[in-house]
Structure formats: structure tokens, C-alpha cells
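Colleague: I would like to go through this model with you. Please tell me what each label rests on.

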Amino acid sequence: MHMNLPFSDLPSSAALNRRSAVLGALGLLALPAGAAAPAKKNNKPQAPDVWPRASLVPGGVARLSLGPAATRPKAFAGDVPVLVLGDPIEWTALVGIPLATPPGEAHISVRAEGKPERQIAYTVAPKQYREQRLTVAPRRVDLSPEDQARYNKERDHLAGVMATLTDLRSDAALQMRVPVPGRRSSSFGLRRVFNGQSRNPHSGMDIAAGTGTPVLAPLAGKVIDTGDYLLPGGTVWLDHGGGLLTMYCHLSRWDVKVGDVLKAGEPLAAVGATGRVTGPHLHWGVMLNRTMVDPALFVAG
């Protein structure tokens with residue numbers, strides 16, 4: 001399992017090695033918050049939606065039943081811990097699937113108290129994401145030596161941020177509300193072409209909104225990082241526990257500090273146009289087991 005970092009659109013000549021492959025930071029889906037009503041099929045009520053929804057494709061989330069156990073099992077994708085929810089009757093592993101994952105079989109390892117380690121396999125289906133062409137300032141595509149040095153320093157710092165792993169209640173509700181109202185201007189998984197040069201896929205979702213629009217926490221969490229970074233500009237990271245993190249980029253300002261604990265719906269920042277952008281918007285990213293996944297899987301709609 002490799003770890004993504006939040007600047008996925010560097011030139012290939014500046015690409016990192018596989019242990020610190022770059023992540024892409026830009027994107028979002030404007031959908032109303034609130035629980036979805038149970039769907040009906042053939043006039044029979046269906047079970048309520050669960051969050052995040054399963055999507056066994058690159059950039060998606062696998063929901064894998066671990067069965068019963070007296071205590072919460074530990075699950076790993078490679079050597080990276082996986083979020084496990086549930087109760088002694090049934091535990092479920094939520095596995096973020098990297099965008100670079102090829103179609104085919106994948107697996108996690110599970111360790112339960114008093115039982116031998118076992119493997120649980122799942123199949124990743126192919127998915128073709130669209131392409132988007134953008135024009136930005138040349139210095140944002142071909143980094144100067146000074147900017148490259150800054151990028152490298154920020155990358156190393158953010159590697160530590162993204163390795164954050166804290167406890168999560170086994171009954172935690174993971175449905176998120178959209179952090180800012182607005183039109184989705186760029187979807188998760190887009191293949192980005194900057195100034196004619198292909199870059200890594202877009203690993204977030206963008207919401208077009210005016211500078212100064214309040215950004216609200218989509219889920220209760222703790223602020224673990226804030227800063228003004230080269231490519232994503234003003235940025236805030238929240239930790240929701242269990243390796244589930246969210247990031248907010250291109251902010252005009254942030255109104256929180258590291259250590260602040262937020263409830264869902266509390267303001268944390270304001271939309272801006274900082275970093276590598278073509279206009280004001282919010283980039284919203286969701287990270288699960290150090291993998292950027294589609295935020296749309298966590299919201300109703």
C-alpha cells in the first residue's frame with residue numbers, strides 16, 4: 001500500500017518514489033445534507049443507506065464484513081491500518097482503494113484476538129474517469145528550483161499529517177454534510193492536463209463558491225494541520241478518527257488552530273483562490289487509510 005500526498009499534479013520529472021507518491025488536491029460535490037429516505041423497490045422498504053457507500057473501483061471504498069468477534073479486530077491494507085466499525089455481532093472494514101489500483105483481486109489482512117491472521121479478498125472493477133484541460137500560470141506547472149525545494153519540504157511535513165491515526169467509536173456515524181453550498185466544478189478522478197501536460201488524476205472534488213463563503217465541518221473532528229502551501233494554498237486538515245481525514249484547500253483564510261475540536265456544521269474557514277487555481281472554489285478531499293477516496297460516497301444524494 002503506498003501513501004498519497006496532496007500535490008498530485010507535479011511534472012513527471014519531479015515525481016516522488018512509490019513510498020511517497022503524490023496525492024491530488026482539488027474538488028467537490030454540492031449536495032444537500034441530511035439523511036436519505038429509505039428507498040423502495042417492488043413496494044418493499046429497503047434498508048437505510050450506510051456511509052460511506054461501497055464502490056469497488058479505484059478511488060472508491062470497499063465495505064468488507066469481518067464477522068463476529070468479542071473485541072474489535074485489526075485490519076490492514078499492506079502495513080496501513082484500516083478503519084473497522086461495528087460491534088461484537090458483526091464488524092466491518094472500510095478500505096480506501098487507491099486511484100492507481102489496477103482492476104482485479106485485492107485483499108486485506110485481519111487479526112482478531114485469539115484467532116490466526118486471515119486474508120479477505122475483494123475484486124476491484126475498472127473505471128474510466130473523464131479528462132479535464134486547464135491553463136494555469138507556468139510556474140505552477142514547471143516548478144522553479146526554489147518552488148521545488150518548498151514543495152519537497154511541504155510534502156515531508158504532510159506525510160506526517162496524513163499518517164495520523166486516532167481512535168474512532170465503533171458506532172460512529174460517517175455520513176457527511178457538504179462543507180459549502182455550490183456547483184460541482186470538478187469531479188473526483190478527473191485526469192488533469194495542465195497547460196497541455198498530463199498530470200496524475202484529480203483526487204478530490206471542487207465546489208465553485210465565492211471568496212469568503214464559509215466552509216463548515218462535514219463531520220465532527222479535530223484540527224490537525226493548517227497552513228499556506230504552494231499548490232493547495234490555504235489548507236486545513238481534520239481528523240475524524242480511525243484514519244479518516246478530510247482536507248480543505250485554496251482557502252482565503254482559516255478560523256481554527258491545531259487542536260481545536262469541531263462539531264459537524266461548525267465553521268472552520270472561508271473559500272478562496274489561493275495556490276494553483278483558475279478561480280475561487282473549495283477543494284474537499286477525503287482520506288481513508290492514507291488513500292484519497294471519492295467524497296461523494298460519504299454524502300446523501
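Modeller: Start with pairing: two strands pair if DSSP finds at least two bridges between them. Strands (E, at least two residues) and helices (H or I, at least four) are DSSP runs, numbered from the N terminus. This is a predicted model, where local features need pLDDT of at least 70, side-chain atom pairs count only at pLDDT 80 or more, and totals for chains, interfaces and linings use all residues. Residues are numbered from 1 along each chain as its sequence is written, and side-chain values use heavy atoms, with hydrogens and water left out.

Colleague: What makes strand 3 and strand 6 a pair?

Modeller: The bridges between them. Strand 3 covers residues 61-67 and strand 6 covers residues 90-96. They run antiparallel and are joined by 6 bridges. The rule asks for at least two. Within this pair, Ala62 stands opposite Val95 of strand 6.

Colleague: Which backbone atom lies by a polar atom of the Tyr129 side chain?

Modeller: The backbone oxygen of Pro58, at 2.6 Å. A polar contact is a pair of N or O atoms within 3.5 Å; within protein, one must be able to donate a hydrogen and the other to accept it, and residues adjacent in sequence count only if both atoms are side-chain atoms. Phe188 is 59 residues from Tyr129 in sequence, with 8.4 Å between their C-alpha atoms.

Colleague: Why is His283 called buried?

Modeller: Its relative accessibility is 0%, so His283 falls under the burial cut-off. His283 lies in strand 20 (residues 281-288). Its side chain makes a polar contact with the side chain of Asp206, at 3.5 Å.

Colleague: What makes Arg111 a charge over a ring?

Modeller: The charged end of Arg111 is 4.1 Å from the centre of the Phe76 ring and sits over it. The rule wants NZ of Lys or CZ of Arg within 6 Å of the ring centre and within 35 degrees of the ring normal.

Colleague: Which residues does Ala54 touch?

Modeller: Val61 and Arg63, not counting residues up to four places away in sequence. Contact means heavy atoms within 4.5 Å. Ala54 lies in the loop between strand 2 (44-45) and strand 3.

Colleague: What are the totals for the protein chain?

Modeller: The protein chain has 1 helix and 21 strands. Of its 301 residues, 53% count as buried. Among contacts between residues at least 6 apart in sequence, 69% join residues at least 24 apart.

Methods:
Buried < 20%, exposed > 50% of the residue type's maximum accessible area, 1.4 Å probe, protein only.
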